[in-house]
Amino acid sequence: MPSVMLSAVLEEEPDLYEAFPPHVDPTGITILTDSPPGKKAPLKTFEEIQPLIQQARKRELKLLIRENSWPINSPVRASLWPALCRQHQHGKSMLDGFYWDMVTQVFGTVELPDKPIMLPPFVEATHCLGYHLTRKGRAVADRVVSVLGYACPDITYSPSLYPITAALLHFMPEEECYHCMASLVASKEKMFITQTKLLNEVTWKTVMQIAKKHASAAQHLSRLSGAIGPERIYADWQWWILAALPFPHLVRVLDCFFHEGIKVFYRVALAILILFNKHASNQNSEWYAEATKNGVDHAIDKFCRNMPASPTKLLRTAFSIRALSSQYISRVFIKTEMTLKSKAVITGARLVRSRSSDNLPTSQSQVNIQMMSHTLTIRESPRSSHLAIWFPFPNAVFKDQHHHASDLRQKLFTLWSWLPVRITMYQPVLLYTTEEHGCSLTTFYVRVEHHEPTLLMIKTCNNEVFGAYCSTRWFERNQKDERGNRQAYFGTGETFLFSLHPHRAKYPWVGCLEDGKEGEADARTPHANSLFMAADNTMITIGGGDGQAIWMDENIRFGKTDRCSTFNNPPLCPSGDFEIRVLEVYGFSGA
């Protein structure tokens with residue numbers, strides 16, 4: 001592979017230093033050339049790419065980024081990377097000067113301190129990779145990460161955050177880097193950076209699961225792993241990319257990552273396994289000998305550091321893996337997350353206590369409960385015997401059911417603990433109730449369809465109380481597949497059913513219960529067991545496959561409930577058919 005050290009070509013390329021900010025030392029950066037100059041297709045400029053970003057032509061942009069192997073010193077990234085990150089920002093964009101106000105608030109000055117900056121506890125000290133940053137550049141990275149920690153107190157464990165910050169700083173100034181990282185951390189549509197120990201574990205177990213199906217190399221890897229087992233190997237998967245790959249390879253991976261999200265890392269990890277297997281399958285090869293002598297984990301790390309494939313070849317291998325869609329990866333991820341949470345609850349496994357790694361009400365939600373504890377008592381209003389008992393759901397579902405306050409409080413905690421932990425950080429908001437908004441499916445959609453997630457609570461005329469946590473917007477009922485047909489079912493495995501009265505029970509997706517040994521999840525759940533939500537102008541259905549768990553008519557008056565394959569639930573009321581007394585739907589402010 002043709003390569004030349006940067007310092008050796010300064011006379012021919014006088015602007016090479018100018019490609020990097022002053023806090024980068026470019027003398028150790030290697031320029032890789034994938035093909036002879038005569039065979040290169042013209043690389044796109046940012047001016048040619050910008051319209052695709054502005055017009056949200058995401059697929060065209062994705063293919064263009066994958067195909068354009070900009071060299072490490074290309075000036076395109078100074079504009080491209082911030083523009084890609086801005087796509088993912090949630091809420092209003094930050095005002096000019098916001099970052100420096102935060103710096104002043106945290107450090108008392110905008111001057112870089114002489115002493116080392118104390119990093120937040122979510123950083124892993126052994127993986128504070130600076131790449132080619134100067135000493136001042138490392139201090140800048142420390143400051144950006146520290147301010148992020150101050151601004152995002154819910155981050156409890158995020159070892160990849162520092163290396164990604166450092167990589168960004170090779171192509172942009174400090175303030176721009178902070179804005180990019182803030183957008184990636186807050187992204188709702190795609191995941192970029194895990195922020196809890198639980199999700200960090202979910203990612204490597206997700207890689208292990210998809211590798212079993214999509215990389216035959218995984219079987220060879222398991223055989224080579226011997227006594228240490230494959231778990232030890234996969235636990236380091238992100239460091240194959242962030243720590244071991246040569247910097248030019250990493251930068252090309254990040255080109256795609258900043259647009260497509262963490263799925264790029266998944267694909268590149270599989271590509272590394274495929275390439276490693278290709279070079280280590282022969283027992284006479286140096287990599288087989290390395291794996292046998294020093295262990296597969298050390299062999300893969302060394303293989304990545306001496307990557308024989310060019311950045312272009314690595315990415316082509318990654319993106320040529322078939323049947324590895326974002327939807328599939330998301331299903332495996334959610335299934336693995338649900339399985340780990342379930343095992344933690346069932347076995348009593350102790351997790352690091354944080355809002356995101358605990359399956360009980362969060363500290364903030366407990367504060368909210370204490371602040372609103374007066375709503376847990378019976379209150380008679382002059383106009384009705386409305387019982388305001390459900391914090392944070394002050395609803396009419398339990399109206400006229402005279403329960404003791406302790407029993408109500410227990411139901412409160414039970415329902416709250418069933419919600420995904422990240423959702424318990426948000427305040428529930430009543431979106432729709434038949435008592436105020438009438439019994440109309442049209443009104444239901446107008447008030448509810450753009451909220452995600454939602455919590456549906458039904459009270460029947462026989463006083464049964466049950467419902468569902470719906471993970472996806474009801475607007476998805478309008479989405480069409482590749483053939484232009486409306487999707488019959490939509491939603492994800494976070495959706496679950498529950499019953500609160502007369503019996504308390506939660507019915508999660510069967511996919512997170514099947515083959516859940518060692519916290520793993522089987523990605524081969526039949527389609528009939530993954531029918532979460534369906535809706536049109538005449539009905540709403542939650543749960544399908546050999547029956548419908550909850551079905552309601554267009555007038556939100558009558559419904560039926562049956563066992564379904566997706567949740568393996570019993571009928572939620574004994575008669576199967578029910579008449580709706582009250583339907584209430586809650587959203588979560590800020591989710």
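Figure 1. The structure is a predicted model. The largest cavity holds about 70 Å³ of space. The count of cavities of 30 Å³ or more comes to 1. Its lining is formed by Ser160, Ile164, Phe192, Ile193, Thr194, Asn200, Thr203, Trp237, Gln238, Ile262 and Phe265. By class, the lining residues divide into 6 nonpolar and 5 polar, with no charged residue.

**Figure 2. Overview of the fold.** The protein comprises 21 helices and 12 strands. It has 591 residues, of which 54% count as buried. Among contacts with a separation of 6 or more, 70% join residues 24 or more positions apart.

**Figure 3. Helix H7 and its cover.** Helix H7 covers residues 174-186, 13 residues in all. At 1.5 Å a residue, H7 should span 18 Å, and the end C-alpha atoms are 18 Å apart, so the two values agree. The buried residues of H7 are Glu174, Cys177, Tyr178, Cys180, Met181, Ala182, Ser183, Leu184 and Val185.

**Figure 4. An edge-to-face pair of phenylalanines.** The structure holds 22 aromatic pairs. One of them is formed by Phe276 and Phe303. Their ring centres are 5.5 Å apart, with 80° between the planes. An angle over 60 degrees counts as edge-to-face, so the Phe276–Phe303 pair is edge-to-face. Phe276 lies in helix H13 (residues 263-280) and Phe303 in helix H15 (residues 296-305). The pair therefore ties together parts that are 27 residues apart in sequence. Both Phe276 and Phe303 are buried.

**Figure 5. A cluster of aromatic rings.** Ring pairs link Phe20, Trp81, Phe171, Phe192, Phe257, Phe258 and Phe265 into a cluster. Phe192 and Phe265 also line the largest cavity.

Figure 6. The bond from Glu452 to Pro453 is cis, with omega near -5°. Pro453 sits in the loop between helix H21 (441-448) and strand S4 (454-460). The bond from His501 to Pro502 is also cis, with omega near 10°. Pro502 belongs to the loop between strand S6 (496-501) and strand S7 (505-507).

**Figure 7. Positive phi at Asn463.** Asn463 is not a glycine, but its phi is positive, near 70°. The residue lies in the loop between S4 and strand S5 (465-470). With a relative accessible area of 29%, Asn463 is partly exposed. This class runs from the 20% limit for buried to the 50% limit for exposed.

**Figure 8. Positive phi at Ile556.** Ile556 has a phi of about 45°, a positive value in a residue that is not a glycine. Its place is the loop between strand S10 (550-553) and strand S11 (558-560). The relative accessibility of Ile556 is 2%, so the residue counts as buried.

Note on methods. Residues numbered from 1 in each chain as written. Predicted model: local features only at pLDDT ≥ 70, side-chain atom pairs only at ≥ 80, totals over all residues. Heavy atoms only, no water. 1 Å grid on protein atoms, 1.4 Å probe; cavity = no way out; pocket = protein on both sides within 12 Å on 5 of 7 lines; lining within 4 Å. Points joined across faces, edges and corners; volume = space filled by probe spheres on them. Nonpolar A, V, L, I, M, F, W, Y, C, P; charged D, E, K, R; others polar. Helix = DSSP H or I, 4+ residues; strand = E, 2+ residues; numbered from the N terminus. Expected span 1.5 Å × (residues − 1). Buried < 20%, exposed > 50% of the residue type's maximum accessible area, 1.4 Å probe, protein only. Phe/Tyr/Trp six-rings, centres within 6.5 Å; stacked < 30°, edge-to-face > 60°. Contact = heavy atoms within 4.5 Å.
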